[in-house]
Amino acid sequence: MKNHMGAATKLDKQINDYLGQLNPKQKKAVLTVVRTFAEKQQESDLWGDKDFVAEMDRRFAEMESGKVKLYTLEEAEAKARQSYRNKKRKK
């Protein structure tokens with residue numbers, strides 16, 4: 001594991017060295033790429049999380065069994081609009 005850390009440190013140094021040579025537009029492009037990689041990594045990490053997968057399985061089973069009430073987008077919108085109207089009237 002120590003070799004891995006040394007390689008990561010060397011790689012970080014190389015990245016930082018190159019970043020210093022870039023103009024702001026190039027840095028923004030690099031940021032976009034890095035952000036995309038990080039977001040993809042977070043997504044894939046979620047499905048490796050046993051607790052998360054178990055919770056999604058539990059919720060899916062509840063939906064399939066009819067244990068929980070599902071709303072269509074139209075129903076959710078109507079409920080939100082009604083709630084907004086009720087709140088407005090109370091003022």
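Q: Under what relative accessible area does a residue count as buried?
A: In this predicted model, burial is judged from relative accessible area, and a residue over 50% is exposed while one in between is partly exposed. A residue counts as buried when its relative accessible area is under 20%.

Q: Is glutamate 62 buried or exposed?
A: The cut-off for burial is a relative accessible area under 20%. Glutamate 62 has a relative accessible area of 17%, so this residue is buried.

Q: How many helices does the protein have?
A: Read along the sequence, the protein follows the pattern α-α-α-α. There are zero strands, and the number of helices is four.

Q: Why is the protein described as more spread out than a compact globule?
A: Along its principal axes the C-alpha trace spans about 60 × 35 × 20 Å. For 91 residues the globule rule gives 12 Å, and the protein is well over that value, so it is more spread out than a compact globule, with a radius of gyration of 24 Å.

Q: What percentage of the residues of the protein count as buried?
A: The accessible surface comes to about 8,900 Å², of which 59% belongs to carbon and sulfur atoms. Of the 91 residues, the share that count as buried is 1%.

Q: How far apart are the closest N and O atoms of lysine 67 and glutamate 62?
A: Side chains of opposite charge can pair when their charged atoms come close. Lysine 67 is exposed, with a relative accessible area of 64%, whereas glutamate 62 is buried at 17%. A nitrogen-to-oxygen distance within 4 Å is required for a salt bridge, and in this pair the distance is 3.9 Å.

Q: Which residues do salt bridges that share partners join into one network?
A: Glutamate 62 forms a salt bridge with lysine 67 and another with arginine 58, at 2.7 Å, N to O. The residues joined into one network are Glu55, Arg58, Arg59, Glu62 and Lys67.

Q: Which residues form a nonpolar patch on the surface?
A: One member, valine 68, is found in the loop between α3 (50-65) and α4 (73-90), and it counts as partly exposed at 32% relative accessibility. The patch has about 340 Å² of accessible area together, and its residues are Phe60, Met63, Val68 and Leu70.

Technical notes. Residues are numbered from 1 along each chain as its sequence is written. This is a predicted model: local features need pLDDT of at least 70, side-chain atom pairs count only at pLDDT 80 or more; totals for chains, interfaces and linings use all residues. Side-chain values use heavy atoms; hydrogens and water are left out. Helices (H or I, at least four residues) and strands (E, at least two) are DSSP runs, numbered from the N terminus. The radius of gyration is taken over C-alpha atoms; the globule rule is 2.2 Å times the number of residues to the power 0.38. Buried means under 20% relative accessible area, exposed over 50%, partly exposed in between (1.4 Å probe, protein chains only). Accessible areas come from the Shrake-Rupley method with a 1.4 Å probe; for residues, only the protein chains shown count as cover. Patches are made of residues with over 30% relative accessible area and no salt bridge: like charges are joined within 9 Å, nonpolar side chains (Val, Leu, Ile, Met, Phe, Trp, Tyr) within 5 Å. A salt bridge is a side-chain nitrogen of Lys or Arg within 4 Å of a carboxyl oxygen of Asp or Glu.
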